[in-house]
Amino acid sequence: MTTPSHSHRGADEPISPPPGCPAHGLGPGGLRRLYGSEAESDLAGIYEKLRAEHGSVAPVLVHDDVPMWAVIGHTETLHMLRTRSHFTRDSRRMRVVQDGTFAPDNPLAPMVTWAPLISFAEGAEHQRVRGAINDALSTIDDRGLRRFIHRSSQRLVNEFCEKGTADLVSQFAEHLPMAVMCEVLGMPDEYNERLVQAGRDMTKGTATAVESNEYVMSVLYRHTARRRAQPEEDFTSRLIAHPAQLTDDEVAQNLRVVLIAAYEGTANLMANVLRMVLTDPRFRAQLNGGQMTVPEAIEQSLWDEPPMNAQVGYVATEDAELGGQRIKAGDGIMYVIAAGNLDPVIRPDLKASMAGNRAHLAFGGGPHECPGQDIARSIADVGVDALLMRLPDAELAVDEKELRWRQTLIARHLVDLPVMFTPRPPQDVKLRPTMGRVPSPRKEWEVSSPPPRPQATSPAAAVPAQASAAERSDQPLVATPPPSPTGEGERPKGALQRLLRWWRGY
Ligand code: HEM
């Protein structure tokens, strides 16, 4: 790649000809910029221009006019991610990092600047850390996890169900993944508004991001030290006890990767799926008609609106050919999930349903493919299902055009999702989520809109929204024996109810 000359401005906004000018959005060397006002308003449009101009791999400029290759083809992305002989995540080998063009204060530094974390490790070192994380994740009991997600969802809905209005981004989608991940990590008492705020801050690049990162790290270091001294049945203790012998520093730093990757990706996924359900009548009709299960809806969303738009920080270790472009050893590479998922080679008709097809790039690919994707899917499945069951008449409280988005190179966030619904009393978090009748047997997580549940309208059924600490931690999520078919809490009465409860996992 010919590195264009650079003028480091140290500011986010590039100097650019005005909109309408053919050179608008172009930087040194005539390369398209993936930052600045044009990118903020229509990044997807820029990727389509790049596809028309260059094909599946295009030279681009990221923040501070740092040159990089953007891989926008589906096949080429998977090829790059899987060909470890030519491409690596070890960003120390990137020419722009070595020659200082990529400054330490570049907004993309957290994703590019090498650190001793799973995300940047390769080869044997990657296998060591990844092996420990995979082994610790594999001890999580899926059924117990689903029960916990369901109870947390009920608790969150209890917070706003009596009001008849809510913002499903800040009051639901951003809370549920943090509550679940705190439980998985074995620190349910650390789950609070401050941690959710800090996670939001860190991933959205706000002015207080550094302070929030310090707060999260202080929580994780404290938790690691506690579990080193006194192990319990949780992910963190498993990580510490693993034969990979991670140091406390490695444990805490990698817990941060897990916590933040899980939080940001899953919160975005849930917000996106809920928006689709609320705004696309065909989508909702399909769900209500039982033709589309929630997992299928989630997969469709992962194709059309991936929670992470792009991953920056890969490097060519050898001269290579990719998508017809000649990549030089040391060139920086990013893969654009949002563009690869829309590649006309694999999706000639974007309206065709992709529900149930998991070949999208939302979780990456190759050795660094997301190890937490099943947990993310469980949180979204159970959370969306539980919310729709509790508030079946929820509808958008504003015109769809008024919904606000925050677009960066890395992700596109829905800022809020205001809804209104019939006010309802809180529900016992331990009750199974029937709506007054036993739903018909259904395939997996299919959603229906049953009539309102009698208990839900009876004040006698209402319990305080906040669960006790004992309720929160009544069952460890790891290394538990298989739960009994009826589970804990209120014992469902009929055989069919017991079967359904067992089938749904809560
Ligand atoms: C919808 C939610 C999620 C999305 C969209 C997502 C997306 C991704 C992507 C694209 C990567 C690959 C990055 C690369 O190429 O370097 C990744 C890696 C990773 N994710 Fe996720 N993720 C999600 C949820 C989770 C969850 C729930 C966990 C943990 C329980 C998790 C833990 C990780 C870790 C540890 C890595 C680094 C893996 C490695 O470098 O080997 N993620 N994620």
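In the predicted model, helix 14 (residues 294-304) packs against helix 16 at an angle of about 120°, and the two axes lie 9 Å apart. Helix 14 and helix 16 are therefore oblique to each other, and their crossing is right-handed. Helix 14 contributes V294, P295 and I298 to the contact, while helix 16 contributes R377, A380, D381, V384 and D385. By residue class, this contact of helix 14 with helix 16 comprises five nonpolar and three charged residues, with no polar ones.

On the side of helix 10, the contact is made by V216, M217, L220, Y221, T224, A225 and R228; on the side of helix 12, by D248, V251, A252, L255 and R256. Eight nonpolar, one polar and three charged residues make up the contact of helix 10 with helix 12.

Helix 12 (248-279) and helix 16 (373-390) also take part in the shell around the ligand, where they and helix 5 (123-138) each supply at least two residues. The most is given by helix 12, with seven residues. There are 24 residues around the ligand, of which A262, G265, G364, C370 and G372 come nearest. The shell divides into 15 nonpolar, seven polar and two charged residues.

How values were computed. Residues numbered from 1 in each chain as written. Predicted model: local features only at pLDDT ≥ 70, side-chain atom pairs only at ≥ 80, totals over all residues. Near = placed C-beta within 6 Å. Helix = DSSP H or I, 4+ residues; strand = E, 2+ residues; numbered from the N terminus. Nonpolar A, V, L, I, M, F, W, Y, C, P; charged D, E, K, R; others polar. Axes fitted to C-alpha atoms, helices over the stretch in contact; angles between N-to-C directions. Parallel < 35°, antiparallel > 145°, perpendicular 65-115°, else oblique. Left-handed = near helix turned anticlockwise from the far one by under 90°. Contact = placed C-beta atoms within 7 Å.
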